[in-house]
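Please read them with the structure open beside you.

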Amino acid sequence: QGVPEVLPALMRAYKVQKKAADVGFDWEDYQPIKDKIYEELDELEQEINSNNQERLEEELGDILFSVVNLGRFLKINPEFALTKSVKKFINRFRYIEQTAFEQGLQLQEMTLEEMDKLWEDAKQM
């Protein structure tokens, strides 16, 4: 109650979990949260071959919710963390594009292994 539905989903999950934690529904350390993430990943894995898109969506949502909970526990705002990761991805992918262009290569003609090599190079910068 009291958490606006109009909030972005990551922020809404964070606020819902914080409200629950404020009344004592919380973990004492991060390890059980991490275990929960692995449990949710296992449940997603079980559903992958089911061809049940609704169940897959639910399981992926459970993973995201659990990851947000870990962030909340570690005092990390999930919106900010994801924004930083998106920016990092964009910068690394730009490096792949620029390096391929400089080498006279087209991304569409490169193998995943070739692009991954450039990705690893970008991570070192």
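The points below go from the overall fold to single residues.

1. The structure is a predicted model. Every value in this note is therefore computed from predicted coordinates, and local features are described just where pLDDT is at least 70.

2. Fold. The protein contains five helices and zero strands. Read from the N terminus, the order of elements is α-α-α-α-α. The radius of gyration is 19 Å, whereas the globule rule gives 14 Å for 125 residues, so the protein is more spread out than a compact globule. The C-alpha trace spans about 60 × 35 × 30 Å along its principal axes.

3. Burial and contacts. Of the 125 residues, 25% count as buried. The contacts considered here are those between residues at least 6 apart in sequence; of these, 55% join residues at least 24 apart.

4. Surface and charge. The accessible surface of the protein is about 9,700 Å², and carbon and sulfur atoms account for 55% of that area. There are 16 positive and 26 negative side chains. The centres of these two sets are 10 Å apart.

5. Aromatic pairs. How many aromatic pairs does a search of the whole structure find? The search finds two. In one of them, the rings of Phe-89 and Phe-93 have centres 6.0 Å apart and planes at 10°; planes under 30 degrees apart count as stacked, so this pair is stacked. Phe-89 and Phe-93 both belong to helix 4 (residues 78-102), and because they are four residues apart there, about one helical turn separates them. Phe-89 has a relative accessibility of 44% and counts as partly exposed. Phe-93, at 29%, also counts as partly exposed.

6. The pair between helices. Phe-89 also pairs with Trp-119: the ring centres are 5.2 Å apart and the planes stand at 50°, so this pair is tilted. Phe-89 is in helix 4 and Trp-119 in helix 5 (residues 112-123), so the pair ties together parts that are 30 residues apart in sequence. Is Trp-119 buried or exposed? Its relative accessible area is 19%, and since the cut-off for buried is under 20%, Trp-119 counts as buried. Taken together, Phe-89, Phe-93 and Trp-119 form one aromatic cluster.

7. Asn-51. This residue has a positive phi of about 60°, although it is not a glycine. Where does Asn-51 lie? Asn-51 is in the loop between helix 2 (31-47) and helix 3 (53-73). With a relative accessible area of 73%, Asn-51 is exposed.

8. Lys-75. Here too the residue is not a glycine, yet phi is positive, at about 65°. Lys-75 sits in the loop between helix 3 and helix 4. Its relative accessibility is 72%, so Lys-75 counts as exposed.

Methods. Residues are numbered from 1 along each chain as its sequence is written. This is a predicted model: local features need pLDDT of at least 70, side-chain atom pairs count only at pLDDT 80 or more; totals for chains, interfaces and linings use all residues. Side-chain values use heavy atoms; hydrogens and water are left out. Rings of Phe, Tyr and Trp (its six-membered ring) pair if their centres lie within 6.5 Å; planes under 30 degrees apart count as stacked, over 60 as edge-to-face and the rest as tilted. Helices (H or I, at least four residues) and strands (E, at least two) are DSSP runs, numbered from the N terminus. Buried means under 20% relative accessible area, exposed over 50%, partly exposed in between (1.4 Å probe, protein chains only). The radius of gyration is taken over C-alpha atoms; the globule rule is 2.2 Å times the number of residues to the power 0.38. Contact means heavy atoms within 4.5 Å. Accessible areas come from the Shrake-Rupley method with a 1.4 Å probe; for residues, only the protein chains shown count as cover. Lys and Arg count as positive and Asp and Glu as negative; His and the chain ends are not counted. The place of a charge is taken as NZ of Lys, CZ of Arg, CG of Asp or CD of Glu.
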